[in-house]
Amino acid sequence: NVVTGETVAMLLVQVRDARDILGHYPPICYVGQGWQLQSAVPCDFAVPGHRLGGTQYHFMADRAGRLETMIVDNFLVLPDGSICRDMGQIEQTASDVRLRFLGAAQVQILSDGGMPAESRQRAFAAIVGQCMPVIQAVRSGARLP
């Protein structure tokens with residue numbers, strides 16, 4: 001936002017083997033980069049025409065003596081049409097030899113912890129809303145015989 005200076009980043013990870021997404025999970029990936037997990041709150045994200053169940057992660061890190069906070073709004077997508085809040089369903093899929101090779105995807109919207117919740121929600125809806133055709137393609141990408 002050029003007026004407020006607020007920024008967000010989007011990360012979309014899509015893998016062919018559901019086991020490969022396990023290392024991209026925020027509590028593993030960001031903690032491995034020096035962030036400390038402060039909270040993980042299940043929530044529903046609103047996108048025009050859709051409600052996506054996910055998790056909002058709050059992280060904190062000391063960067064050269066300066067405290068930084070980051071919020072990661074996260075949800076996972078399976079090609080059977082499922083939207084997942086956390087790794088539980090992904091782990092089940094990854095352990096099933098019939099399903100693991102159908103893949104998985106994850107969407108993360110990253111923002112500064114100081115960004116107002118309303119601004120973060122608007123940014124999420126705008127960005128993910130534009131990406132819904134891709135997300136829908138992943139959701140419908142595979143069917144078992």
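Helices (H or I, at least four residues) and strands (E, at least two) here are DSSP runs, numbered from the N terminus. This is a predicted model: local features need pLDDT of at least 70, side-chain atom pairs count only at pLDDT 80 or more, and totals for chains, interfaces and linings use all residues. Residues are numbered from 1 along each chain as its sequence is written, and side-chain values use heavy atoms, with hydrogens and water left out.

The overall layout, then. The protein has three helices and six strands, in the order β-α-β-β-β-β-α-β-α along the sequence. Its C-alpha trace spans about 55 × 35 × 20 Å along the principal axes.

Now the interior. Buried means under 20% relative accessible area, exposed over 50%, partly exposed in between (1.4 Å probe, protein chains only). By that cut-off, 39% of the 145 residues are buried.

A nonpolar core is a set of buried Ala, Val, Leu, Ile, Met, Phe, Trp, Tyr and Cys residues joined through side-chain atoms within 4.5 Å. The largest has 20 residues, and Ile21, Tyr30, Phe59, Met70, Val72, Ile90 and Ala104 touch the most other members. At least two residues of this core come from each of S1, strand S3 (50-63), strand S4 (66-77), helix H2 (87-95) and strand S6 (104-112). A second, separate core holds 14 residues, among them Val47, Phe75, Val107 and Cys131.

Take Phe59. With contact meaning heavy atoms within 4.5 Å, and neighbours within four places in sequence set aside, its partners include Pro26, Trp35, Leu37 and Glu68.

Last, Met10. Met10 sits in strand S1 (residues 8-15), and is counted as partly exposed because its relative accessibility is 32%.
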